[in-house]
Amino acid sequence: MSALLETRGLSISFGALKAVDNIDFSLQSGEIHALIGPNGAGKTSFVNLLSGRLMAESGEVLFDGRNLTRQPAYRRVRAGLGYTFQVTSIFAQLTVQDNVRLALERERSASAAEILSLLKSTGLEAHAFMPARDLAYGHQRLLELTMGLALRPKLLMLDEPTQGLADSEIEGFIALIREVSKTTTILLIEHNMQVVMALADRITVLERGRILAQGSPAEIRASEAVQAAYLGSKS
Ligand SMILES: Nc1ncnc2c1ncn2[C@@H]1O[C@H](COP(=O)(O)OP(=O)(O)OP(=O)(O)O)[C@@H](O)[C@H]1O
């Protein structure tokens, strides 16, 4: 099986701090791959290097047979590397369906049927005409996911999608991600270990900008190095 995404020697520093330190990583098409690690391990910086929000100091980002290392963020989105929009990029005064229309129309015009079908896929169709600011917090997270799916990415990167959700909402979110994963490869940054263990096919653990461990959920759960890293950071 060939990798959908690969990084070779990927690095970025902030002053003297090597936030992402020479990372070789690969992700297979079809998998849900979780990226975990203590606070400050470099997860967000790594994903920002993939999305193009940060430019690599050295190393390469290879995606779907192309070298995207020097490409700007919008080209990476166009190549099929998608990520969930942050709550801040939701237009609060616009309706839910108009937010989805805007996400779609970054690329082309969208039909009402297409918008409705996307909203149905994440369970938001009943809220289509509501201003986004009136959505409950959990529904705003769903709107971010819907907007992330709008361009039908080959790989969708989710940065802490369950953060701030109530326990009662998490089961539904797990089921939804599982459904999305039938058609989209997923890279999931997540602190909630229940979510990680329920969803991930493979897990990569980062610590201080490096890969500490990689394996199946069972292997990671059993790893003493991983347990030590987590206990050490109290996160
Ligand atoms: N723009 C920046 N300028 C300076 N230091 C930064 C910057 N962004 C991140 N860092 C530092 O780089 C390190 C890695 O941060 P990063 O946010 O990537 O970690 P993380 O694993 O995503 O953490 P968390 O789980 O807390 O979100 C941290 O020490 C952080 O303080």
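Predicted model: local features only at pLDDT ≥ 70, side-chain atom pairs only at ≥ 80, totals over all residues.

Biologist: What secondary structure does the protein chain have?

Modeller: The protein chain has nine helices and 10 strands.

Biologist: And how does the radius of gyration sit against a compact globule?

Modeller: It agrees: a compact globule of 235 residues would have a radius of gyration near 18 Å, and the protein chain has 18 Å. The C-alpha trace spans about 50 × 40 × 35 Å along its principal axes. Of the contacts between residues at least 6 apart in sequence, 63% join residues at least 24 apart.

Biologist: Now the ligand. Which residues surround the ligand?

Modeller: Phe14, Leu17 and Ala19 are among them, along with Gly37 and the run Asn39, Gly40, Ala41, Gly42, Lys43, Thr44 and Ser45.

Biologist: Which element gives the most to that shell?

Modeller: α1, with three residues. Both β2 (17-28) and α1 (43-51) supply at least two residues each.

Biologist: How many of the shell residues are nonpolar, polar or charged?

Modeller: Four are nonpolar, six are polar and one is charged.

Biologist: Switching to helix α4. Which of its residues are buried?

Modeller: In α4 (residues 112-121), the buried ones are Ile115, Leu118 and Leu119. Seen down the helix axis they fall within an arc of 100°, so they line one face of α4.

Biologist: Why would residues a few places apart point the same way?

Modeller: An α-helix has 3.6 residues a turn, so residues three or four places apart point the same way.

Biologist: What do the buried residues of α4 pack against?

Modeller: They pack against α3 (96-104) and α5 (137-149). The face turned away from the buried side carries the exposed residues Ala113 and Ser117.

Biologist: What follows α4?

Modeller: Glycine 123, with a positive phi near 75°.

Biologist: Which residue other than glycine has a positive phi near 50°?

Modeller: Glutamate 160. Glutamate 160 is in the loop between β7 (155-159) and α6 (167-180). Arginine 208 is not a glycine either, and its phi is positive at about 45°. Arginine 208 lies in the loop between β9 (202-207) and β10 (210-215).

Biologist: Why does arginine 208 count as partly exposed?

Modeller: Because arginine 208 has 15 C-beta neighbours inside 10 Å, and partly exposed lies between the exposed limit of 12 or fewer and the buried limit of 20 or more. Glutamate 160, with 17 other C-beta atoms within 10 Å, is partly exposed too.

Key
Residues numbered from 1 in each chain as written. Helix = DSSP H or I, 4+ residues; strand = E, 2+ residues; numbered from the N terminus. Rg over C-alpha atoms; globule rule 2.2 N^0.38 Å. Contact = placed C-beta atoms within 7 Å. Near = placed C-beta within 6 Å. Nonpolar A, V, L, I, M, F, W, Y, C, P; charged D, E, K, R; others polar. Arc of directions from axis to C-beta.
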